[in-house]
Amino acid sequence: MVRKVKDYVDVSNPEALRLLEDIVTKYGLESQVINITLDYLRRYSKVKPEDAQALIKELTSKYGLARITAIQVVNIMPSTPEELQSIISVEKRPFKEDDLKEIVDLLNSYRVKSG
């Protein structure tokens, strides 16, 4: 049976981890691909899923980042303004050094909260 995708929403790695864990728990699915994916998401998710959602919302509303850019920032969680600049360079507007430092401080506050 061919299935068509009706709609989609971009999600961060921490959100994908939560969704996949919920699906595995609900349906009892298990495969090598699922296990590898779960391992990757657990290893590289740097904030809790609920923190990821809040952080994406703040990055989009306060700093005007596109949602997909904010998701990439949350996935990578850069620790310096230079790393952050390389990720957000796709945005249409330039960011001041103070804004970059402020965003990195915000990321660090979420990183600390998640343990």
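Trainee: What hand does the crossing of helix 1 and helix 3 have?
Mentor: The crossing is left-handed. Keep in mind that this is a predicted model.

Trainee: Which residues make that contact?
Mentor: Helix 1 brings Pro14, Glu15 and Arg18. Helix 3 brings Pro49, Ala52, Gln53 and Ile56.

Trainee: And by class, what is in there?
Mentor: The contact of helix 1 with helix 3 has 4 nonpolar, 1 polar and 2 charged residues.

Trainee: OK, at what angle do helix 1 and helix 3 cross?
Mentor: Roughly 140°, and their axes come within 8 Å. Helix 1 is therefore oblique to helix 3, because only angles over 145 degrees count as roughly antiparallel.

Trainee: What follows helix 1?
Mentor: Gly28 does, and its phi is positive, near 65°.

Trainee: Which residues of helix 1 are buried?
Mentor: Asn13, Pro14, Glu15, Leu17 and Leu20.

Trainee: What covers them?
Mentor: The cover includes helix 2 (32-44), helix 3 (49-61) and helix 4.

Trainee: New topic: Thr69. Where is it?
Mentor: Thr69 sits in helix 4, residues 67-76.

Trainee: Buried or exposed?
Mentor: Thr69 is buried, because its relative accessible area is 5% and buried means under 20%.

Trainee: What is Thr69 in contact with?
Mentor: Ile87, Ile88, Val90 and Glu91, leaving aside neighbours within four places in sequence.

Conventions. Residues are numbered from 1 along each chain as its sequence is written. This is a predicted model: local features need pLDDT of at least 70, side-chain atom pairs count only at pLDDT 80 or more; totals for chains, interfaces and linings use all residues. Side-chain values use heavy atoms; hydrogens and water are left out. Helices (H or I, at least four residues) and strands (E, at least two) are DSSP runs, numbered from the N terminus. Buried means under 20% relative accessible area, exposed over 50%, partly exposed in between (1.4 Å probe, protein chains only). Contact means heavy atoms within 4.5 Å. Axes are lines fitted to C-alpha atoms, for helices over the stretch in contact, and angles run from 0 to 180 degrees between N-to-C directions. Angles under 35 degrees count as roughly parallel, over 145 as roughly antiparallel, 65 to 115 as roughly perpendicular and the rest as oblique. A crossing is left-handed if the near helix is turned anticlockwise from the far one by less than a right angle, and right-handed if clockwise. Ala, Val, Leu, Ile, Met, Phe, Trp, Tyr, Cys and Pro count as nonpolar, Asp, Glu, Lys and Arg as charged, and the others, Gly among them, as polar.
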